[in-house]
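Please keep your viewer open as we go.

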Amino acid sequence: MRSQSLQREAPAPWEALGSLDHVSLFALRLLGERFAVEASLVQEVIRTGPVTRLPAAPAFLLGVFNHRGEILAVMDPAQLLAEESTSVAHGSRAAIVQSGEWKLALVAEALEGLLSVPPSALESPPTSGPGPSEFLKYVAHTKEGPLAVLDLARMIEVARARSLPG
Amino acid sequence: MRKTSEAAKASPRSKSGSGQAEAIFRVLQNLANGDYGERVDVDRITSPQLKRIAALVNDVAEHATDQIRGVQERNKSLRDGMQEALDAILQVVNQGELSGSTGIRNPSPTLSPLVKGIDQLLATLRSFTLEMGEASLQISASSAEVLAAATQHESSMAQQASAVHETTATMAELKSAAGNIADNARTVAAVAEQTVIAARAGEAALKSLLSAIQTISQDADAIHEAMERLSRRVERIGSVVEVIDEIADRSDLLALNAALEGAKAGEAGRGFSIVAAEMRRLAENVLTSTQEIKSLIGEIREATDETARATERNRQSAKEGEDQADQAMQSVQAILAGIEETSDAARVIHLATQQQRSATEQVVQSMTDLEAVTRQAQEGAAQAAGAAAELAKLADRLSSLARRFRVS
Amino acid sequence: MTERGILLFSVDGRRHAVDAGDVRRIAMGSEDEPGWIRSSILGSPPRPRRGLVAALEGEERALAVDEVEGIEIVPAADVSPLPRLARETIGTRGIAGIVVREDELLFLVDLPQLIRESSKELSSHAEDE
């Protein structure tokens, strides 16, 4: 389900959603904890199938795979967040996400699915600095507990910056 | 006794003739009654016949009276002698006086045997008493010795009994040990026998092994030669294949490059590419075949090498085997000799232990008998001790009896 | 172009592709040919039978490969560039794209670039010695 979000550059990210009475998120599990991405970025949930590893690749780039004729990169967010590998078996679930011109597959320990939160449940992440909070857009408070919402664009930016010399 | 002269005279009461016979009759009656005192008064007898009878009667009476007087005197002296003898005997009896004799020096002939007899009796008693005294002393001493000995004997017997008992127990153990040894010896003998059989079988087996090894040696040489010939042929094939391989490889490369040019030329090079592809297929076929041949050659080489190695190993093994079989043969023969000795020895041991076992059994039996005998001896000794004690007591009594008689 | 000619080769057990245009010719592999690249991001061929010869700045250089499997004409659609994130983050420019085949994805190797990068490795090692 897609929320009608307006892509405005607002200082408080959720203010872009101000006129709406709920925010759609897609929850997933990384590093044993609950994370989420904005549901609007998620295109589908798939099983990756065999992932072709690339030579001289950074740790967060697991490789490429064939998604219905389209070759997509596969990224492990856990490597960016904590330099830990998400254990991926053949046929692991991944979410196809698109952030601007960037389309890729994100692997996770588990994909929990869509949920709605009221804007009032959102709050700023802890002060930005080194560490995982660098990659958080905001924190959503839900019945099941707090949910760290990932800033996908930021993650891709940081990933590019960490490219290996070649 | 009244003397004859003092004999009363029986006078006739009457002067008649009957009265005179009566007087004779009276004296005769008195004589018959044992009264020899009366005489007939001959003077008063008138009848000459009666006078003669009366005188005869008076002679008879006188004679009788003398006779009687003589007897009475003899009797008296006899009685006196006897009284003395009796006194002597009484002395012996009452006071134990054996040292003397009767004291009767001149006994009447009548008494003489009696006195001699009594004197002999006294002498006999004397010597008997002396002997008795000595004997009783000896008996006393001996019985004391016997008692001591019997007591000693009793304790020795007890020791012996316990020693015998111990020995019996030890012998029983020895018997069972001997039994074990006998059994073991029997087992050893049996095992030795079996070992002999096995060793003989081993000997036979070794002989056949030796001949088999020699056969292998000969076979190994033949195999070795055959292998050599095969190797040479394989080598020749190998080198031919190498040449073919290289040619095929170059052809393949040529075809590849042709295909590459065809691909670069695009549409124009399509036909070229097809020809190149064909050529490539041919070259690949050749290469596949040569590959098969090469791998086959490789296998043959390996097999040949392996066989050569094996043959060499066999040859060496055969040699070693021969040596070892020889050694083994020697060992087996030594064992056989040793076993036969052992077998004999075992048999000897078995017999010996069997003998020992029966000997031991005999000893045990003897020990048991000895034990019984010892027990009997113990009882006997106790009895002997008791008897000796009794004897000692008797000897004492005898001694004291003998002491009652004075012998010197 | 609706089609592309690609050369399929293998190095150390993995199959790769290279554009036919990148390869001037295929040479006989040999152990002691000087100037041949025997180690790259693709690995090292244990038994190089062939060499892929490319023209680099006027001279011929070769990449040693185990086998040249064949030359194929494939639809252009089967050949994709690397996804941008991959292209920008991996430590080589020697992979130009991905060739989609029935059941596998093959790297489309930029042969001159690969040789260049591997030559730099060689020369930098040589300098260090």
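How many helices and strands does chain A have? Chain A has two helices and eleven strands.

## Ground rules

This is a predicted model, in which local features need pLDDT of at least 70 and side-chain atom pairs count only at pLDDT 80 or more, while totals for chains, interfaces and linings use all residues. Residues are numbered from 1 along each chain as its sequence is written, and chains are lettered from A and ligands numbered from 1 in the order in which they are written.

## Chains A and C in outline

Helices here are DSSP runs of H or I with at least four residues, and strands are runs of E with at least two, both numbered from the N terminus. Chain C has two helices and ten strands, arranged as β-β-β-β-β-β-β-β-α-β-β-α.

A residue is called buried if 20 or more other C-beta atoms lie within 10 Å of its own, exposed if 12 or fewer, and partly exposed in between, with C-beta atoms placed from the backbone. By that count, 34% of the 166 residues of chain A are buried, and for the 129 residues of chain C the figure is 43%. Two residues are in contact if their C-beta atoms, placed from the backbone, lie within 7 Å. Taking contacts between residues at least 6 apart in sequence, 54% of those in chain A join residues at least 24 apart; in chain C, 58% do.

## Strand β1 of chain A and its partners

Let us look at β1 (residues 23–30) of chain A. Seven of its eight residues are buried, so this strand is largely enclosed by the rest of the structure. Strands pair if DSSP finds at least two bridges between them. Seven bridges join β1(A) to β8 (residues 110–117) of chain A, and the two run antiparallel; here L25(A) stands opposite L115(A). Another six bridges link β1(A) with β2 (residues 33–38) of chain A, also antiparallel, and L28(A) has F35(A) as its bridge partner in β2(A).

The hairpin of β1(A) and β2(A) has two residues between the strands. L31(A), in the loop between β1 and β2 of chain A, has a positive phi of about 55° although it is not a glycine. L31(A) counts as partly exposed because it has 15 C-beta neighbours inside 10 Å. A56(A), in the loop between β3 and β4 of chain A, also has a positive phi, near 55°, and is a residue other than glycine. With 17 C-beta neighbours inside 10 Å, A56(A) counts as partly exposed.

## The five-stranded sheet

Chain A also holds an open sheet of five strands with mixed pairing, in the order β3-β6-β7-β5-β4. Its edge strands, β3 (42–47) and β4 (61–67) of chain A, each pair on one side only. The twist averages 30° from one strand to the next. Within the sheet, β6 (residues 93–99) and β7 (residues 102–107) of chain A run antiparallel and are joined by six bridges, with I96(A) standing opposite A105(A).

Helix α2 (residues 152–161) of chain A lies across β5 (70–75), β6 and β7 of chain A, at about 90° to β6(A). Axes are lines fitted to C-alpha atoms, for helices over the stretch in contact, and angles run from 0 to 180 degrees between N-to-C directions.

## Where the chains meet

The largest has 93 residues, and A36(A), V74(A) and L52(C) touch the most other members.

The contact between chains C and A takes 16 residues from chain C and 21 residues from chain A. On the chain C side, α1 (84–89) and β9 (95–100) each supply at least two residues, and α1(C) gives the most, with four residues.

Technical notes. Core = buried A, V, L, I, M, F, W, Y, C linked by C-beta atoms within 7 Å.
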